[in-house]
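I opened my notebook to keep a record of what I looked up in this model, entry by entry.

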Amino acid sequence: MSPPSLFFSDWSGRDNQKGTPVVVKMENQNYSLVQIDGPEVAVTLKSMDKGAKGKNAKQFTWVLLLRAHRAVGCVAWLASGFWGVLGAIKKRFAHSKACDESEKPGKRSLLYKFIKAFLAFALIFLAFEMFAHWKGWQLQQPELHLPENMANFHLPETEEIKGWLEKAYIFWLSVRVDYVAYPIQLLSNFCVILFLIQSVDRLILCLGCFWIKVRNLKPRIKEDVSESGGDLESAGSGSYHPMVLVQIPMCNEKEVYEQSISTVCQLDWPKDRLLIQVLDDSDDEMIRNLISAEVDKWKEKGVNILYRHRLVRTGYKAGNLKSAMSCEYVKNYEFVAIFDADFQPNPDFLKQTVPHFRDNPELGLVQARWVFVNKEENLLTRLQNINLCFHFEVEQQVNGLFLNFFGFNGTAGVWRIKALEDSGGWLERTTVEDMDIAVRAHLQGWKFIYVDDVRALCELPESFETYRKQQHRWHSGPMQLFRLCLPAIVKSKISIWKKANLVFLFFLLRKLILPFYSFTLFCVILPLTMFIPEAELPLWVICYVPVTMSILNILPSPKSFPFVIPYLLFENTMSVTKFNAMISGLFQLGSSYEWVVTKKAGRSSSEPDLLSIGEHPKAELSRRVSDGGLLDLGNKWKEQPELTRRVSDGGFLDLDKLKEDKAKESKAKKRNKIYKNELALALLLLTAAVRSLLSAQGIHFYFLLFQGITFLVVGLDLIGEQVS
């Protein structure tokens, strides 16, 4: 049963005949029917005798009863829904704790203060506008004899002014028209221009990806048929086995350390030409012992693997990698592959990436694609998958093929060690050490290759708290790097075109402008235009262009098309976190240097995951057997125990007991949190939605309503992993 409808036609001054006709059959034969058509009641009576006057009164009573029944039902439905929402919010507040990951306890962010002040003014102005509307100063249709900026408003005449409140309203209208509307309109136009520029950039990237698909353009391994015996399929990889170093940096990764070490130890590469470094920065002694025992177990099986633990943990991941590269034996190796602790590369990963370096001395990096084992775990992981599929298949692929440059993703990539050394090695100056080394290598003239066919399994953050921390680091770090690298970019010897691409596209447009206009346009200016109607946002800015851009983003993951509207609303919601991170990184605020390790759930690859990758036309997931064929994927799954988690053969620790104890501890401490920035913006947008009803702005109302609800859902941590 649909809820009772509400009519705002009286507020907007429109004469709309809406509603569902209701026909009531009267038992009295003197009257045939009563027709009630919407808000305007049209009563058609057919009198059959001389007592028409009394009959009309009886019929009018029926009409009033029906209208009263509808009104009571509407009020009861609204009250029930409102009471339920308040109860849910109260329960969430009682069992949650306030959280703002970008600040230290005791300090309140400037952004939160700004949002609170904005909300307070919005509530005051809403009350003021509703009072003015009640007094009859509602918005009217434009009149030709009025100035353009005053055409939409009815100002009270002198005889209408009877008190200080009316005078204050007249003064506010004058200030609004003469001083407030113009700068807001200028800011709105500026953000719209940025929005269009960024949309054009995204459209060009999509066209480039389309051209790559049509022309089947991709990096190809140079074939050496003479050494491969005429076998084109094995050419380029079968006879080329340089010395490769594999690094697995980790920190307190108790959920994923075993599957990561186990998978890397089964890489298909000659054992005498492969060395695996497990770089453990864990500060938990129990976890360190577990990882060390796992390394010893694989060492006993003949794998060339080492365990390293730093006594002084500085520089986070960059410091860990820098320390490992300083070892004396590293000079014997030509390439280094890096995998984060939750990554599970295919056994033939090195055979599909390292041969690209052959006879290509200018190549410094080969980057593979990420594939996610938990992309369908919840709504949050589905929305993340949309973003990252577009990032890899469109951004990385287009930039890699046409520009030979892109940001290193920090993992699932192979570096030429000489390129790292020429670029200055790993530096600890930012929280995006991967982007830092990529930019410096590009300034030194090294080229990059992205191979979309080579894929590595990994995890997506399943809770909003973890995802929020990750996004804060990913968006504050590039702004730190931009400040530090700008002088080096200007002084470098690369071409003017490459400098312009680095400064204007790579940094400004995609790292700074995107979060700026997204937050400013949809979270600040749009609500403002509801209270300052003289400053307008075109309908195509609010609706058509954002929806089109969202559809383009979803094209690389077509199964996610039903989530196009939630994706659009969620991206606008995340603009708060991204904008805050961008500002903190640009102006060196304290939270910009905070590194929080992304929590993992420890989900290993499953059969559906392997099948989904195996369907890729060029993916080779299974080990090659002696006759050159591929193992049956189903048989591989049956033999999967070799890749599952295990404890050391000597029974160093009972891992099941450890997991059970940790689960109880985390369940006792873990809670869903509330996020004050998002909650304050939810109230602001819902307030602006109520104000839009006075102007009868349909699309604006629905956008503000659903965007406000999305902020409310995110602010109450109702998206992603839920903790009972």
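Which residues does I261 touch, not counting residues up to four places away in sequence? I find I248, M250, V278, I291, E294, V295, W298 and I305, where a contact means heavy atoms within 4.5 Å.

Before going further I note that this is a predicted model, in which local features need pLDDT of at least 70 and side-chain atom pairs count only at pLDDT 80 or more, while totals for chains, interfaces and linings use all residues. Residues are numbered from 1 along each chain as its sequence is written, and side-chain values use heavy atoms, with hydrogens and water left out.

Entry on the whole protein. I count 20 helices and twelve strands, taken as DSSP runs numbered from the N terminus (H or I, at least four residues, for helices; E, at least two, for strands). Of the 724 residues, 50% are buried, where buried means under 20% relative accessible area, exposed over 50% and partly exposed in between, with a 1.4 Å probe and protein chains only. Among contacts between residues at least 6 apart in sequence, 78% join residues at least 24 apart.

Entry on helix α9. I checked the length of α9 (residues 379-402): its 24 residues should span 34 Å at 1.5 Å a residue, and the end C-alpha atoms are 34 Å apart, which agrees; the expected span is 1.5 Å times one less than the number of residues. The helix bends by about 30° at H391, the bend being the angle between axes fitted to the seven residues ending there and the seven starting there. Because 20 of its 24 residues are buried, α9 is largely enclosed by the rest of the structure. At its start, a side-chain oxygen of N378 comes within 3.0 Å of the backbone nitrogen of L380, and after the helix comes N404, whose phi is positive, near 55°.

Entry on L486. This residue lies in helix α12, residues 464-491, and counts as partly exposed because its relative accessibility is 31%.

Methods:
A polar contact is a pair of N or O atoms within 3.5 Å; within protein, one must be able to donate a hydrogen and the other to accept it, and residues adjacent in sequence count only if both atoms are side-chain atoms.
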